[in-house]
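Take a look at the sequence and the structure, then read on.

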Amino acid sequence: GERFVVGSLDAVRTARSRNSTVELCNKLGIRTPATEFVTHGDAALAAGKIGYPCWLKVSGSVASQGVYRLADRTDLDRALERIPSHAEFQIQAEIEGDLPAVTAPCRDGKVLGSFSFSTRYDMSHSGTPPHATVLDDARLEGILDKIVHALRWTGGIDLDLLMTPDGDFALLEINPRLSGTS
């Protein structure tokens, strides 16, 4: 029988890099929160530009590791102490809203089937949420299709998003696996 394997090395690298994910979304016309790619040297300037509270997100991190909510400059300084100087990371605007996700098995850039769900914002900050509800919104399938096609993805994929105050979606990350919530 046929087996699912993970996507190509380049596709996985894009999914693991938060900066590459934002670049892909920009290319595909998919909304993301306001984002600045930063280094240790310019993180404070970027956080000031984005505005506090904001998020610092390190590429290559798993679960909720490498994601820091920054209320102020002190939080930023503490987070930077934990991040290696060579690490790729970004500062991203905070958007308060429920967290929808869509997950699917794929083959050669085609979605074979999918389902979407949503987690309340207050239950979404510590890895796999304890509660989620089914969400049926064709816009999520459209976002999924664009990303899967662009990456020519094979295997499981999970997109984590935020519901924006205007009722739109903003993509947070691409996970190169099926959702933990599934």
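## The overall picture

The protein chain has 5 helices and 10 strands. Keep in mind as you look around that this is a predicted model. Of the 182 residues in the protein chain, 46% are buried.

What about contacts along the sequence? Take the contacts between residues at least 6 apart in sequence: 63% of them join residues at least 24 apart.

## Two helices that meet

Let's start with a pair of helices. Two packed helices are described by the angle between their axes and the distance between the axes. Here, helix H1 (residues 9-16) packs against helix H2 (residues 18-28) at an angle of about 100°, and their axes are 5 Å apart. Angles of 65 to 115 degrees count as roughly perpendicular, so that is the label for H1 and H2.

Which residues make the contact? On the H1 side they are Thr14, Ala15 and Arg16, and on the H2 side they are Arg18, Ser20, Thr21 and Leu24. Sorted by type, the residues of this contact are 2 nonpolar, 3 polar and 2 charged.

Is Asn19 buried or exposed? Its relative accessibility is 9%, and buried means under 20%, so Asn19 counts as buried.

Leaving aside residues up to four places away in sequence, Asn19 touches Phe37, Ser59, Glu88, Phe89 and Gln90.

## Thr39, a loop residue

Next, hop over to the loop between strand E1 (35-38) and H3, where you'll find Thr39. Thr39 is partly exposed, with a relative accessible area of 44%.

Thr39 and His86 are 47 residues apart in sequence. In space, their C-alpha atoms are 8.2 Å apart.

## A pair of rings

Now for the aromatics. A pair of aromatic rings is described by the distance of the centres and the angle of the planes. The count for this model comes to 1 aromatic pair. The rings belong to Phe115 and Phe117, with centres 5.9 Å apart and planes at 40°, so the pair is tilted.

How exposed are the two partners? Phe115 has a relative accessible area of 41%, which makes it partly exposed. Phe117, at 6%, is buried.

Tyr52 and Pro53 are joined by a cis peptide bond, with omega at about -5°. You'll find Pro53 in the loop between helix H3 (43-50) and strand E2 (54-58).

Then there are residues other than glycine with a positive phi. Asp108 has a phi near 50° and sits in the loop between strand E5 (99-107) and strand E6 (110-111). With 44% relative accessibility, Asp108 counts as partly exposed. Arg152 also has a phi near 50°, and its place is in the loop between helix H5 (138-151) and strand E9 (155-163). Is Arg152 buried or exposed? Its relative accessible area is 52%, and exposed means over 50%, so Arg152 counts as exposed.

Key
Residues numbered from 1 in each chain as written. Predicted model: local features only at pLDDT ≥ 70, side-chain atom pairs only at ≥ 80, totals over all residues. Heavy atoms only, no water. Helix = DSSP H or I, 4+ residues; strand = E, 2+ residues; numbered from the N terminus. Buried < 20%, exposed > 50% of the residue type's maximum accessible area, 1.4 Å probe, protein only. Axes fitted to C-alpha atoms, helices over the stretch in contact; angles between N-to-C directions. Parallel < 35°, antiparallel > 145°, perpendicular 65-115°, else oblique. Contact = heavy atoms within 4.5 Å. Nonpolar A, V, L, I, M, F, W, Y, C, P; charged D, E, K, R; others polar. Phe/Tyr/Trp six-rings, centres within 6.5 Å; stacked < 30°, edge-to-face > 60°.
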